[in-house]
Amino acid sequence: MSTPPTEVDSLDVPDAHAQSTTNVLAQLRRIWQGDSGLLPILIGLAALVIFFDVRSSVFLSAENLTNLFVQSTIFILLGMAEIWLLLLGDIDLSLGYATGLGGATAVILVSSNYRWPWYLALSLALVVTTAFSALSGFIVIRFRLPSFIVTLAMFLGLEGVLLYVINAQGTGGSVSVQEKVLYNLVNGNLTPLATWIFVVVVVALLALIMIRADSTRRSSGLGGRPFWITISKIVTLGVAGLLLILVFSANRSSFAHVVGMPFAIPIDLFVLAAGTFILTKTKAGRYIYAIGGNTEAARRAGVNVNKYRLMAFMLSGFTAGIAGLLYVSRLNGISTGIEGGTYVLYAVAAAVIGGASLYGGRGKMIHAVLGGLVIGTIDNGMSLLNMNAATQYIATALVLLAAVIVDSLARRGNTNTR
Amino acid sequence: MTTTPEPSSPATPLVGRVQTEGSGVEVFDRDHLLSMRGIAKSFGAVHALQRVDLDIPAGQVTALIGDNGAGKSTLIKTISGIWAPSAGHIYWKGKEVHIHTPRAATDLGIATVYQDLALCDNLDIVQNMYLGMEETRFGLLDEIKMELATLKTLSDLSVSTVKSVRQLVGSLSGGQRQAVAVARAVMRDSELVILDEPTAALGVSQTAQVLQLIRTLASKGIAVLVISHNLNDVFSVADRIAVMHLGTLVSHGPISNYDTTSAVEWITTGESSRHPTASASVQ
């Protein structure tokens, strides 16, 4: 019954010194297949960029790239909102209109009809979307209904509410942004110096976190992933940051001098960081994954399943509210023509294309960012190539189909190894 | 089941007959970790358990055997707090306890590993081991501490087949999953581990691993109660046997009092005459 020492050793992760070429290959394979693997989506994104760059001379211009990032913001934020629910194995179809509701609340409250200070209006908008998602969540949990159906009802109801509220303003079915802060959320820029500082601080912070995590593991005798992986990650981040600085330092207007990083990007990154932090560092995040993986197991382990499901709904609504603020800022207002249905589909698509699973329990916030960028790139690139809306829809559909098929295959691969 | 030649010793074990509870002061051995006296459970008119008296000693493996519907699952659910017994008393280390919730059972030190194991395939081994009782530092998950403790628990239990404790549980083999579920119970300082059909879905070598794990548990002074249909497993791992038949505990005692033939007889007929009766007689 006693354990030979060699068997205990096999529990340890092989350390950096012992790795050989086969080890590196195995590592690469793990990165490719791993459930957190970002490599496929990064390669796909790179392929899209190359394709559009070859076909269009302006695609990689500073002006267009900035535009692309801002365009993608709404997909990214909605995707992150949807991931909270996808992780549980739930879905919220009303998120598109919840976003509209948040945006409308902010726009209307700062409009000449009410003249609220911006900070109160924006805060209330976030409270409204959070409360709204909490209501959906409450109905789903209390009556044990599929979130699909409940949020489908909410989708229709919210569309009606939005039409009513916007028409009630008596401004002809649309309300424009009449307040500077809300307008600047997307249209304002950091100064070039602030852009530099922001990028450097973010990259340095991430590098510090990664190195610290590695060294804590090592000093606890746990071994860690090979050092070259951490280094290459940091280098990649640094290069990406440098490219961003280059893009945002170039003048992107022929009429005036427009430079600097749009505020939308720090907002995206902040939501990404906050979401990732909750999911990976807190009990709440751990429980959300557990519920999505095996609800009954979570319940038996003493997890208050309903509490954390409701919490995920509220986080989703809050994130959708932020998306709503950026939406109205970018479109400079809100109208009764808001396509909440299309947006929610893009939100789910962004999350799934990025690598989150529709079956629950698998996904990260970064997946929505990458998936949102893919959708934004297709959207942007096809417009540049003067392709019509029909082609754009079909192309996005094909990418989404490919993504869900990959998701399903990955899932099958996971269970097959048992 | 094969019928083996009768051993020379009398087939009916001396301790086999259950003594129905005396109405006066309960007398039982204080060395027993868990003692049940006169446990009954009814669902309406159905008497799933009738006056069960059973002692579970520490450091030994007790096998609970019986046919489908004999009341094995009902009995372990009573111990693990899924439902309270309709009548009877449960003593834990000599003191009477009332186990009305799973939480109460866990707090006493009773861990139940059900057949479905209740693991999250999308979480890794460490995350599963600590699910619901995560270690935190400044309010944040302390992954290092949890990983070290997991490594220690697994090596204490001589579980050596997993490559990394950061592997997703979904990628483990059936035996490894069972090991993780058991290790999880052990890590919660359980003194009684109840295993429901731990080898039901496993192949030969995996079964051997799990049986060895069960012996390791017992050698650490943990009381183990195993439900099993597989008499080969029972005879290779158990110290004691308890046989259920139609809701009553018809026989229990050290494994040496039984052989495969008598065990089968107890299971199927509720008694051990060497001549199988035509129909199981209800007591």
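**Entry 1: the two chains**

How many residues of chain B are in contact with residues of chain A? I noted first that the model is predicted, and then I looked up the contact, where 32 residues of chain B meet 33 residues of chain A. On the side of chain B that touches chain A, strand S8 (140-141), helix H4 (143-156) and helix H6 (204-219) of chain B each supply at least two residues. H4(B) gives the largest share of that side, with 6 residues. I then sorted the residues of this side of chain B by class, and they come out as 14 nonpolar, 12 polar and 6 charged.

**Entry 2: chain A as a whole**

I looked up the make-up of chain A and found 17 helices and 2 strands. Chain A has 418 residues, of which 40% count as buried. I also checked its contacts between residues at least 6 apart in sequence, and 78% of these join residues at least 24 apart.

**Entry 3: two single residues**

Is Leu54(B) buried or exposed? Leu54(B) lies in strand S2 (residues 46-57) of chain B, and Leu54(B) is buried because 22 other C-beta atoms lie within 10 Å. Not counting residues up to four places away in sequence, Leu54(B) touches Met36(B), Ala242(B), Leu249(B) and His252(B). I also looked up Ile194(B), 140 residues from Leu54(B) along the chain, and the C-alpha atoms of the two are separated by 14 Å.

For Trp228(A), I found its place in helix H10 (residues 227-249) of chain A. Trp228(A) has 12 C-beta neighbours inside 10 Å, so Trp228(A) counts as exposed. The C-alpha atoms of Trp228(A) and Glu82(A) are separated by 34 Å, and these residues are 146 apart along the chain.

**Entry 4: two pairs of helices**

Two packed helices are described by the angle and the distance between their axes, so I looked up both values for each pair.

The axes of helix H15 (residues 340-354) of chain A and helix H16 (residues 365-384) of chain A come within 7 Å and cross at roughly 115°. H15(A) is therefore roughly perpendicular to H16(A), and their crossing is right-handed. The contact of H15(A) with H16(A) holds 11 nonpolar, 4 polar and no charged residues.

For helix H6 (residues 118-142) and helix H7 (residues 147-167) of chain A, the axes come within 9 Å and cross at roughly 140°. This angle makes H6(A) oblique to H7(A), and H6(A) passes H7(A) in a right-handed crossing. Ser136(A), Ile139(A) and Val140(A) of H6(A) meet Ser147(A), Val150(A), Thr151(A) and Met154(A) of H7(A). By class, I listed the residues of this contact as 4 nonpolar, 3 polar and no charged.

Methods. Residues are numbered from 1 along each chain as its sequence is written. Chains are lettered from A and ligands numbered from 1 in the order in which they are written. This is a predicted model: local features need pLDDT of at least 70, side-chain atom pairs count only at pLDDT 80 or more; totals for chains, interfaces and linings use all residues. Axes are lines fitted to C-alpha atoms, for helices over the stretch in contact, and angles run from 0 to 180 degrees between N-to-C directions. Helices (H or I, at least four residues) and strands (E, at least two) are DSSP runs, numbered from the N terminus. Angles under 35 degrees count as roughly parallel, over 145 as roughly antiparallel, 65 to 115 as roughly perpendicular and the rest as oblique. A crossing is left-handed if the near helix is turned anticlockwise from the far one by less than a right angle, and right-handed if clockwise. Ala, Val, Leu, Ile, Met, Phe, Trp, Tyr, Cys and Pro count as nonpolar, Asp, Glu, Lys and Arg as charged, and the others, Gly among them, as polar. Two residues are in contact if their C-beta atoms, placed from the backbone, lie within 7 Å. A residue is buried if 20 or more other C-beta atoms lie within 10 Å of its own, exposed if 12 or fewer, and partly exposed in between; C-beta atoms are placed from the backbone.
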